[in-house]
Structure formats: structure tokens, C-alpha cells
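Work through the exercises below with the model open in a viewer. Each task is followed by a stepwise solution.

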Amino acid sequence: MYVRQLYRIPTFLITYYLARSAYSWRTVKRVSNPDDGFHMFGYYDKSPWSPDESKILYGKIPSYNSTLHWNARPMMIGIADFDATNAIVQNHRFIDSTKAWNHQQGTMLQWVGTSNELIIFNDRACDGCDSFFSVIHNVRTGVRERLLSRPVYSLNLQGTMATSLNFALLHLLRVGYGYALSKPVMAKHKARTRCPDDDGIFLIDTRRDESFLLVSMREVWEHVIRHNNPTDPTTGLPYTFKLGTEILSLMTTECYHW
């Protein structure tokens, strides 16, 4: 009887009460810098904690609006150092800044592999331009050790390989996930070749700063039109499950959104 009644309880309620019981002894503490401004890290697929959990990364941004302008002030890269118990913040410091950031995913700030000293994030050469690159910064020495010729999206566990994509194009196709551009630069990208075979997802060797095109947007589009109602390789569900037949039909007949 008890088991049957338990199944009627919503799963989220069970999870909530178990979590509250397990962590009721913990105290929530602020770790970001108390100065004026807004503090964030990035997307949920990356961890702000150093591998030894002695430091945490964050970014300080001037505002948190729905619209990000190309000439917005830089994001300040911050780091908080914890004591030996990892319970008390000993020090806050801003170690660098970047002009390549957004409200959704920040600047792809992350630790490099198992290092407790090296971090990586994206930057750009000038306000509003599409000249993006990535920075490997040593938090101990405070020096930019290396610049990679492409911006990064995510690194492997060892920090030796990284994926990359066109953040200018991403800004046009998915506002809020790429990096804001000036109007002339946006116009240039809008006039680009549709479904290019020389742009897509790149793979970077972070040790040698060498990269190659892993899969192009044209290859992805041709895969979609080659299969009638293709399926997601991970879930096995047809793409129409999320996109709908009307959108999928448009995508397969006109290479505009690629």
C-alpha cells in the first residue's frame, strides 16, 4: 500500500525533500565580488571550479539586459581563492578582460584540462569586429601565456583539443549565443554564401594551435535532405519531434538558415 502511494508523489517533490535533508546543514555563501555590477560564469556544461576545488572563476559584466550591444563594456575575468577547507573566500581578484562575451554562455571561460593554473576564454581584436581568438591565461603569474587563432567552444578532459565554430554567424542565427557585431560586419555575414562548405565545426589542437574543419554546414544540410525525416543519433527521435514538419520542410528545401 505504501509503495503504491509513493508512486503517486511527483518525482520533483521526492527529489526536493531528499536534497533538503541531505544539505540542510550547509550554508549558502556569496562568493562573487561585492562590487557593483553583475556576476556570472557561463553555461551549465562547464564548471567554474578548479580541478583541486581551491579556486572558482566568474565574470563581471556591466549590465544584464536582453540585448547585448557590440560596443558593450568588456567582461572582467574574476577569480576567488578559497582557504584550505574550501569554505571561506580568502581573496578576490580580476585577472583579465574580454570583449567577446554574451549573457547566455559568457566567454566560454573554463579551466584547461587538469591544470589549476591555466584557464581559457575567448576574446576579439576590436569592438564589433569578427576577429575572434582564444586566450590561455596563467592565473598564478597573471600572464597571457598563449593566444589561439580560433575561439573555443569546449575542451576535452585533457585540455589538448577544443571545438570551435563561427561565433559571428552564431550571433545572426541564434541571438544571445554568439558575440554581438557592428552593423557593417553583420551586413557582411548576411551576404555570405549559404550553406558554406568551408565553415562549420572545427577541431583545434591547443598545443600546436592547429585546426581543421570537422564537419561543414553544407555536409550537415546535405545529411538532412538525404534522409526522409532523419533521426537524432543520440535519442533516436526524428528531428520533427522538436522542429515540427513545417520547419523541417523549410530547412530541407531552402538552405537559408545554415
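The model is predicted, so local features need pLDDT of at least 70 and side-chain atom pairs count only at pLDDT 80 or more, while totals for chains, interfaces and linings use all residues. Residues are numbered from 1 along each chain as its sequence is written, and side-chain values use heavy atoms, with hydrogens and water left out.

**Exercise 1. Summarise the protein as a whole.**

Step 1. Count the secondary structure: the protein has 7 helices and 12 strands. Helices (H or I, at least four residues) and strands (E, at least two) are DSSP runs, numbered from the N terminus.

Step 2. Take burial: 38% of the 258 residues count as buried. Buried means under 20% relative accessible area, exposed over 50%, and partly exposed in between (1.4 Å probe, protein chains only).

**Exercise 2. Find the cavities and classify their linings.**

Step 1. Search the whole structure: 2 cavities of 30 Å³ or more are found. A cavity is a set of points, on a 1 Å grid over the protein atoms alone, where a 1.4 Å probe fits but cannot get out; lining residues have an atom within 4 Å of a point. Grid points are joined across faces, edges and corners, and a volume is the space filled by probe spheres set on the points.

Step 2. Treat the largest cavity, with a volume of about 70 Å³. Its lining includes W70, W101, R124 and D127, and the lining residues divide into 5 nonpolar, 1 polar and 3 charged. Here Ala, Val, Leu, Ile, Met, Phe, Trp, Tyr, Cys and Pro count as nonpolar, Asp, Glu, Lys and Arg as charged, and the others, Gly among them, as polar.

Step 3. Treat the second largest cavity, with a volume of about 30 Å³. F41, Y43, D45 and M108 are among the residues that line it, and by class the lining has 4 nonpolar, 2 polar and 2 charged residues.

**Exercise 3. Is S216 buried or exposed, and which residues beyond its sequence neighbours is S216 in contact with?**

Step 1. Locate S216: this residue is in strand β12 (residues 210–216).

Step 2. Apply the burial cut-off: S216 counts as buried because its relative accessibility is 3%.

Step 3. List the contacts (heavy atoms within 4.5 Å). Leaving aside neighbours within four places in sequence, S216 is in contact with P196, D197, D199 and G200.

Key. 1 Å grid on protein atoms, 1.4 Å probe; cavity = no way out; pocket = protein on both sides within 12 Å on 5 of 7 lines; lining within 4 Å.
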